[in-house]
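Open the model in your viewer and keep the selection tool handy. We will start with the whole chain and then walk through a few places worth a click.

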Amino acid sequence: MSLLNVLRNEPAILALVCTLAGLLVGSFLNVVIHRLPKMLEREWDSQAADLLEQRDMAEPAAKLRQGTDKTAYNLVTPPSTCPHCGHRIRAHENVPILSYLFLRGRCSGCKARISIRYPIVEAVSGIVAGYIGWRFGLTLTMTGALIFAWSLIALTVIDIDTQLLPDDITLPLLWLGLLVNLIGGFVPLQSAVIGAVVGYLSLWSIYWLFKLTTGKEGMGYGDFKLLGAIGAWLGWKMLPAVILLSSLVGAVVGISLIVFARHGRNTPIPFGPYLAVAGLIAMFWGETINRTYLQLF
């Protein structure tokens, strides 16, 4: 029996393979989460310096350029190192979860603590991937679901860290959702297109209504794009469930932070993680949620 037949006929083996793949991808997601915001910041600094130079502001431009590092910095270069001592991380120190446990959560060079977030991202990526493999089987839908889930994981942690939802992820995710549904993914293409449009415009409308009413910005444009991407993958029928779930979770977390963590009411709380979690829930159990909701009303 070929490997493909084994994966098709043995859900447990496919789930195990997907879990292992998810652990490896989770390690890469940690790189994306750490480096992508820095790459964007470097790009913005460079653009600002160019703009100042174009305006004949030579002295400020020169000062800004002195703080703009022109060395290569992307998802591959330079190699990963310890931020405290510069120790280059070797291959055996980069094995998902196991390396963290073996090193006891510390750098092998300077013994500085390694954030627990790294193995958590790897574990979540692996667990979600294993469940996707078990649930969807070896299909196009499984491949799309893996990409969708891994993208949401990266966006969640980036938004928590920086309150940014980079276009470098949200926009390709939106277009890829439409493409997957064009070739028979989760929903008909018409539902996906409507989902992308309605997802974006719904939060866009709330944003402007809140701003015109209070004079403040209640959310960022990245949230519009993320909900548009979720709509492109799951279709417009899932949007009410996604918005409801994300709002409920966001309200509970926000109130808890204010009450128990003394989080200031005017301190912004990223909404992207709640949208991402709601998107994953809707992908797995959205049909059941919608049926239950309709039966209640």
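Begin with everything selected: residues 24 or more positions apart account for 68% of the contacts in the chain with a separation of 6 or more, a contact being heavy atoms within 4.5 Å. This is a predicted model, in which local features need pLDDT of at least 70, side-chain atom pairs count only at pLDDT 80 or more, and totals for chains, interfaces and linings use all residues. Residues are numbered from 1 along each chain as its sequence is written, and side-chain values use heavy atoms, with hydrogens and water left out.

**The whole chain**

Switch to cartoon view and you will find 11 helices and 0 strands; helices (H or I, at least four residues) and strands (E, at least two) are DSSP runs, numbered from the N terminus. The C-alpha atoms fill a box of roughly 65 × 55 × 45 Å, taken along the principal axes. Of the 297 residues, 38% are buried. Here buried means under 20% relative accessible area, exposed over 50%, and partly exposed in between (1.4 Å probe, protein chains only).

**Helix H5**

Next, select residues 117-136, which form helix H5. Which residues of H5 are buried? Among them are Pro-119, Val-121, Glu-122, Gly-126, Gly-130 and Phe-136. To see what covers the buried residues of H5, show H2, helix H4 (98-102), H6 and helix H11 (272-296), which are included in that cover. Then step just past the end of H5 to Gly-137, which takes a positive phi of about 70°.

**The salt bridges**

Side chains of opposite charge can pair when their charged atoms come close. A salt bridge is a side-chain nitrogen of Lys or Arg within 4 Å of a carboxyl oxygen of Asp or Glu, and the count comes to 3.

- Select Asp-161 and Arg-117, whose side chains meet in a salt bridge at 2.3 Å, N to O. This pair links distant parts of the chain, 44 residues apart: Asp-161 sits in helix H6 (residues 140-162) and Arg-117 in H5. Asp-161 is partly exposed at 43%, and Arg-117 is partly exposed at 22%.
- Move to Asp-167 and Lys-225, which form a salt bridge at 2.8 Å, N to O. Here helix H7 (residues 167-182) is linked to helix H9 (residues 221-234), with the two residues 58 apart. Asp-167 is partly exposed at 33%, whereas Lys-225 is buried at 18%.
- Finish at Glu-93 and Arg-90, a salt bridge of 3.0 Å, N to O. Is Glu-93 buried or exposed? Glu-93 is buried, with 9% relative accessibility, while Arg-90 is partly exposed at 43%.
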